[in-house]
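The paragraphs below go through helices, nonpolar cores and aromatic pairs in turn. Please keep the model open while reading.

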Amino acid sequence: MRTKRLTAVTVEVPRVPDLLDALEDPFGLAWVEHGEGLVGWGEAVRIEIGAGPDRFERAMDALAETWASMEVTDEIGLRGSGPVAFGSFTFDPSEGGSVLIVPSVVVGLRDGRSWLTRIGEEPEFDRTEAEEDDRIRYWGPSAPEMSWLDAVATAEKAVRNGELEKVVLARDMRVWSKTALSPRRLLKRLAQRFPECYSFSVDGLIGATPELLVETRGDGIASVVLAGSIRRGDDKREDEVLGAQLLESAKDKVEHEVAVRSVTDVLPRFCGTLSIKEPALLKLANVQHLATEIQGDLRHAHSALEIAGALHPTAAVCGLPRDRAMDMIRRLEGMSRARYAGPVGWVDAQGDGEWGIALRCAELDGGSARLFAGGGIVAGSTPESELDETRIKLLAMQSALG
């Protein structure tokens, strides 16, 4: 890969009251949680990664060449200042579509400080958005619901017979509108409805994920594993009862433990110490999950992207053993996941960054979109309950679409 010589300049600016309001391009890039994070627009560098089991290594090499080609002036020195790359990767390594984008302009907000980074020339784009049309039409899923129910039954039998410990099956929902869907408008709705999630926009992939695959801060590392779900109650009392049921559910405990193990088996490659908290409830607007927080100390300098590539795919979105679960997903789902359930996030030139798992998301293409949701299949999973779980999860994007 040949890269042109670029200059990156980061300066402090007056505090930005709302990052998403500062996103000038309706089709720009974003990674925002509780109002802080990064937004960007333009493409100083675009890296099409392609398919293959070595795609993360190739992405790392291409980024290293990109950073080396830049003359950087950064008066902020915070995580995420200076040049950064936003990225999203396909779930299945055999599929193309993974991409890294270094924006021409980045606006950051963290720890009460705001900054602006410019790389190369100011991009030109159409700042207008299509008129809003809330009447979303539903095409339906790629595979009929009956076929998906049969797939869950097949997967559960395979788990019960000891062929694998867990497999995650997903399904999609296709929607369309008479007017082009606005990524920025959808992103703002998601951020308002799910402030505790990471709201993201990368090259037409829009979502709000509660699952942090990996975050690096210097020599510190963090991850949040989610697996096991139940709906929210209609009132506080019912909500507490449902949460208690989830905490005590033997089926969900197994599903969650497998997902945690798929992360803790990998992180010792990078970490000298690990701290693993007990599973707790994470309550979102439409669903509550079992969540485990993991923290550690890196033995050596490692890029967040490198660690994300080693962790993906976790058992939270694939299964265990990994290769056997991936093969079953390819056989049973009846669709391409594309970038759903793949790593999405950002990394800076020092290797610090945040990568989540692309959940509660949609792939936008003009006036059409694909929404995704999935569920973990272990022994005792029932097709009907798994279908209900995906319906609840799909509501996150359906409500944002209006």
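A residue is called buried if its relative accessible area is under 20%, exposed if over 50%, and partly exposed in between, using a 1.4 Å probe and protein chains only. This is a predicted model, in which local features need pLDDT of at least 70 and side-chain atom pairs count only at pLDDT 80 or more, while totals for chains, interfaces and linings use all residues. Residues are numbered from 1 along each chain as its sequence is written, and side-chain values use heavy atoms, without hydrogens and water.

Tryptophan 355 has a relative accessible area of 0% and is therefore buried; phenylalanine 89 is also buried, at 0%. Rings of Phe, Tyr and Trp (its six-membered ring) pair if their centres lie within 6.5 Å; planes under 30 degrees apart count as stacked, over 60 as edge-to-face and the rest as tilted. The whole structure holds 5 aromatic pairs. In the pair of phenylalanine 89 and tryptophan 355, the ring centres are 6.0 Å apart and the planes at 65°, so the pair is edge-to-face. The two residues lie 266 residues apart, phenylalanine 89 in the loop between strands S6 and S7, tryptophan 355 in strand S21. Helices (H or I, at least four residues) and strands (E, at least two) are DSSP runs, numbered from the N terminus.

Tyrosine 340 and phenylalanine 372 are both buried. Their ring centres are 5.0 Å apart and their planes at 10°, so this pair is stacked.

A nonpolar core is a set of buried Ala, Val, Leu, Ile, Met, Phe, Trp, Tyr and Cys residues joined through side-chain atoms within 4.5 Å. The largest has 92 residues, of which Leu63, Leu100, Leu169 and Trp355 touch the most other members. Helix H3 supplies the largest share of this core, 7 residues. A second, separate core has 37 residues, among them Leu186 and Ala400.

The buried residues of H3 include Trp148, Ala151, Val152 and Ala155. Leaving aside neighbours within four places in sequence, leucine 169 is in contact (heavy atoms within 4.5 Å) with residues including Trp148, Ala151, Val152 and Ala155. The buried residues of H3 pack against strand S11, helix H8, strand S23 and helix H9.

In helix H4 (residues 183-193), the buried residues are Pro183, Arg184, Leu186, Leu187, Leu190 and Ala191. Viewed down the axis, these fall within an arc of 160° (taken from the directions from the helix axis to the C-beta atoms), so they line one face of the helix. Elements packing against the buried residues of H4 include helix H1 and H9.
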